[in-house]
Amino acid sequence: MIVKLEKVYLGYQDNNVIENINLIIQKGDFIHLSGDNGSGKSTFLKLLYMKLLPKSGNFFFHNKKITKISQQHISILRRKIGVILQNNFLIPYLSVSQNIDLVNQIHKLEILDSQKRVKEIINWVGLKDICNNKVDDLSEGEKKKVVIARALVGKPDILLADEPTTYLDNITKEKFYFLLNTLNNFGTTVILSEKNDLIKIENNHKRFRISNKQINEV
């Protein structure tokens with residue numbers, strides 16, 4: 001079990017975004033999350049990344065209860081998570097390679113041949129020719145590729161992706177979905193939020209929808 005949520009209420013101050021969440025996410029799940037704009041998809045992913053904690057209810061990650069007083073523990077658990085958010089949080093004055101490798105440095109990941117791993121990811125997402133360019137000089141599509149590469153370089157146990165194919169060309173989209181399925185087949189848990197026109201749903205995937213402050217499997 002990766003995540004267990006019991007009667008979780010999620011939101012900001014007096015505003016509940018999602019209410020009474022009861023959900024278990026198992027290792028190896030591939031979950032598609034849909035919902036209208038503003039329904040709470042991004043907010044739910046922030047919960048799973050522990051950027052936003054529940055207003056009430058119980059949140060367990062790898063069988064450990066997550067509370068507001070366990071910030072150091074949360075930082076350690078985040079090493080197991082790869083994140084592709086709509087806000088890319090890239091450092092504009094660093095190069096493509098430096099932005100991707102920064103994950104290894106921040107989390108002090110002990111990955112053999114980490115530079116080799118960075119090069120492999122850069123080649124896969126099609127950034128080889130601009131790997132030394134500063135992020136500030138990239139197009140939005142190129143920046144999205146950097147975010148994807150950064151999320152995957154640490155070989156995460158769980159990958160959270162918030163509408164990750166925005167700005168990507170069709171070829172890169174196909175490669176991205178292929179990689180997600182490959183990672184999932186090797187045991188990585190994938191949680192992918194997209195707009196309502198969900199695609200690439202395989203038979204073994206799960207589908208959830210957020211509507212009227214509720215999240216339900218469909």
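How many of the eight residues of helix α1 (residues 41-48) are buried? In this predicted model, local features need pLDDT of at least 70 and side-chain atom pairs count only at pLDDT 80 or more, whereas totals for chains, interfaces and linings use all residues. Residues are numbered from 1 along each chain as its sequence is written, and side-chain values use heavy atoms, with hydrogens and water left out.

Six of the eight residues of α1 are buried, so the helix is largely enclosed by the rest of the structure. Here, buried denotes under 20% relative accessible area, exposed over 50%, and partly exposed the range in between, with a 1.4 Å probe and protein chains only. Helices (H or I, at least four residues) and strands (E, at least two) are DSSP runs, numbered from the N terminus. The buried set of α1 consists of Lys41, Thr43, Phe44, Leu45, Leu47 and Leu48. Just after this helix, Met50 adopts a positive phi of about 70°.

An open sheet of four strands, with antiparallel pairing, has the order β2-β1-β4-β5; two strands are taken to pair if DSSP finds at least two bridges between them. The edge strands of this sheet are β2 (15-25) and β5, each pairing on one side only. Helix α1 packs on the sheet and touches β1, β2 and β4, its direction making about 125° with that of β1. Contact is defined by heavy atoms within 4.5 Å. Axes are lines fitted to C-alpha atoms, for helices over the stretch in contact, and angles between N-to-C directions run from 0 to 180 degrees.

The antiparallel pairing of β4 with β5 (residues 64-65) comprises two bridges, and Phe60 faces Lys65 in β5. The hairpin of β4 and β5 has two residues between the strands, and His62 takes a positive phi near 50° there.

Asn22 is located in strand β2. With a relative accessible area of 48%, this residue is partly exposed. Asn22 touches Leu5, Glu6 and Lys7, when residues up to four places away in sequence are not counted. The side chain of Asn22 reaches the backbone nitrogen of Lys7 at 2.9 Å, and a polar contact of 3.3 Å links the side chains of Asn22 and Asn20. A polar contact is a pair of N or O atoms within 3.5 Å; within protein, one must be able to donate a hydrogen and the other to accept it, and residues adjacent in sequence count only if both atoms are side-chain atoms. Between Asn22 and Thr67, which are 45 residues apart in sequence, the C-alpha to C-alpha distance is 17 Å.

A further open sheet comprises six strands in the order β6-β7-β8-β3-β9-β10, with mixed pairing. Strands β6 (81-84) and β10 (214-217) stand at its edges with a single partner strand each, so one side of each is left without a neighbour in the sheet. The twist averages 15° from one strand to the next. Strand β9 (residues 206-211) runs antiparallel to β10, and four bridges join them; Ser211 lies opposite Gln214 in β10. Helix α5 (residues 140-152) lies across β6 and β7 (158-162) and runs at about 175° to β6. Helix α6 (residues 170-185) lies across β3 (30-35), β6, β7 and β8 (189-193), at about 145° to β8. His32, placed in strand β3, is buried, with a relative accessible area of 0%. The side chains of His32 and His205 are joined by a polar contact of 3.0 Å.

Helix α4 (residues 114-125) has 12 residues, which at 1.5 Å a residue should span 16 Å; its end C-alpha atoms are 17 Å apart, in agreement with this value. The expected span is 1.5 Å times one less than the number of residues. The buried residues of α4 are Arg117, Val118, Ile121, Ile122 and Val125. Seen down the helix axis, these buried residues fall within an arc of 135°, so they line one face of α4; the arc is that of the directions from the helix axis to the C-beta atoms. Just after α4, Gly126 takes a positive phi of about 85°.
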